[in-house]
Amino acid sequence: MKPLAGVTILELARVLACPFADMILAELGATVIKIEQPGSGDETRTFEPKVGDESAYYFACNRSKQSVTANMKTEAGRAIIRDLASRADVLLENFPVGTLKRYGLDQAAMREANPKLIYVSCTGFGQTGPYAKRKGYDTVFQAMGGLMSLTGERGGGPVKPGLPIADLSSGLWIAIAILSALQGRTQTGAGCHVDFSMLDGQVSLLTLAAGRYFALGEVPPRLGTEHPGRVPSATFECSDGAYVHITCSDQHWLPLCELLGLDALAADATLSTNAGRVEHRDRLMAALSAAIAGRTRRELCDACDAAGVPAGPIQHVDEVLADPHVLARGMVSEFEHPSVGKFGALPVPFKFDGFADPEVGRPPLLGEHTDQVLAKLGYAPAQIADLRREGAI
């Protein structure tokens, strides 16, 4: 048995954050019914990169779901959504503020029909506040939430991370909210409304940067791969042009100096504590960089591992997906798709003892489960055919 077996989630959401959250929950055992627009579906079905006629972007965050087409611009389509919501545990939506109220699908209406429903609204800026009506995407939230201001080389301009961190971390926040609400409902028997703002989620991630501001009044500068409060914690270039990231606490400092032959630094008592090393950051970084420049990546990583110094190679995506430890942990998998065949996938990263582990499923074809789901709601084949002719599904 998977831990979320028996939980039904209705997804009225598109693109990345919410679909990513629901994919995690689906592979933990929840039944996720994804509502898509007839004929087009989630817009990410058209996003690059394409594999044949399918989108690898859509594949990345819509595995293990059921796809039902319902046109909410028609009364019959809205009736289908209401029927599904009346039987669901969770409804997750990411429409602009006020949109679903115009269709009678807002949280007040849906929870009146199903008081146990957990209704989760994900928007860029939340249901309230001066920015509530504003539009935004992942990079806008990275910018406004402070992440871009912290990311980039020393003295350089702001840089976005290489992944859509605001979307992906929002998906994790949403999954946490849904799991929390489900647990809370076991105590009260009642559902709730969750108002989640993607900007709020990014502000919450400031953590240590905000801590430095609260403690020191410091607006943290961009430091590239260096850590503002720990030395050494940075990426170094090796003789073969590859890079290694090393992060040391006090107990690792002398072993690092020894393996690099930096006897003078090891003998300097002012550098034995992190506070002293932070004070002398520039001198240390220059000495470490010069010593490491004479080693290959493999030589340096092997030496650090032998000495117990925390270090790791900067790996490209192809290297990560071929890493023997990553493979041994089962973190590269695949699914079989009707039109594409075998396609790679990254599993949900949990190993349970006491529940069945998550399994990689395949993404649904557009509307693949419409007839099946409607039949379970009591719709006769003739009714389903009529709905299809009317453009409701």
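This is a predicted model: local features need pLDDT of at least 70, side-chain atom pairs count only at pLDDT 80 or more; totals for chains, interfaces and linings use all residues.

Q: Where is Leu321 placed, and is Leu321 buried or partly exposed?
A: Leu321 sits in helix H16. Its relative accessibility is 36%, so Leu321 counts as partly exposed.

Q: Okay, zooming out. How many helices and strands are in the protein chain?
A: The protein chain has 19 helices and 13 strands. Its C-alpha trace spans about 85 × 50 × 40 Å along the principal axes. Of the 393 residues, 42% are buried.

Q: What domains does the domain assignment give?
A: The assignment gives domain 1, made of 8-206 + 327-390, and domain 2, which is 233-315. The C-alpha centres of domain 1 and domain 2 are 43 Å apart.

Q: Let's pick a helix. Which residues of H15 are buried?
A: Helix H15 runs over residues 297-307, and Arg297, Leu300, Cys301 and Cys304 are buried there. Looking down the axis of H15, those buried residues fall within an arc of 95°, so they line one face of the helix.

Q: What about the face of H15 turned away from the buried side?
A: That face carries Arg298 and Ala306, which are exposed.

Q: And what covers the buried residues of H15?
A: The cover includes strands S10 (243-247) and S11 (311-313), along with helices H11 (250-260), H14 (281-292) and H16 (317-322).

Q: What follows H15?
A: Gly308 does, and its phi is positive, near 75°.

Q: New topic: charges. Why would charged side chains pair up?
A: Side chains of opposite charge can pair when their charged atoms come close. A search of the whole structure finds 21 salt bridges.

Q: Can you give me an example, say what Arg45 meets?
A: The side chain of Arg45 meets that of Glu36 in a salt bridge, at 2.8 Å from N to O. Arg45 has a relative accessible area of 12%, so Arg45 is buried. Glu36 is buried too, with a relative accessible area of 2%.

Q: Which side chain does Arg185 meet in a salt bridge?
A: Arg185 meets Asp89, at 2.8 Å from N to O. That pair links distant parts of the chain: Arg185 is in helix H8 (residues 165-188), Asp89 is in the loop between helix H3 (75-87) and strand S6 (90-93), and they are 96 residues apart. Arg185 is buried at 14% relative accessible area, and Asp89 is buried at 15%.

Q: What about Glu218 and Arg212: buried or partly exposed?
A: Glu218 is partly exposed, with a relative accessible area of 22%. Arg212 is partly exposed as well, at 23%. Their side chains meet in a salt bridge, 2.7 Å from N to O.

Q: Which residues are linked in a network of salt bridges?
A: Glu11, Lys34, Asp42 and Lys65 are linked that way.

Q: Last one: where is Lys2, and what is Lys2 in contact with?
A: Lys2 is in the segment before strand S1 (8-12). Leaving aside neighbours within four places in sequence, Lys2 is in contact with several residues, including Glu27, Leu28, Phe355 and Asp357. At 19% relative accessibility, Lys2 counts as buried, because buried means under 20%.

Methods
Residues are numbered from 1 along each chain as its sequence is written. Side-chain values use heavy atoms; hydrogens and water are left out. Buried means under 20% relative accessible area, exposed over 50%, partly exposed in between (1.4 Å probe, protein chains only). Helices (H or I, at least four residues) and strands (E, at least two) are DSSP runs, numbered from the N terminus. The arc is that of the directions from the helix axis to the C-beta atoms. Contact means heavy atoms within 4.5 Å. Domain bounds come from an automatic or database domain assignment. A salt bridge is a side-chain nitrogen of Lys or Arg within 4 Å of a carboxyl oxygen of Asp or Glu.
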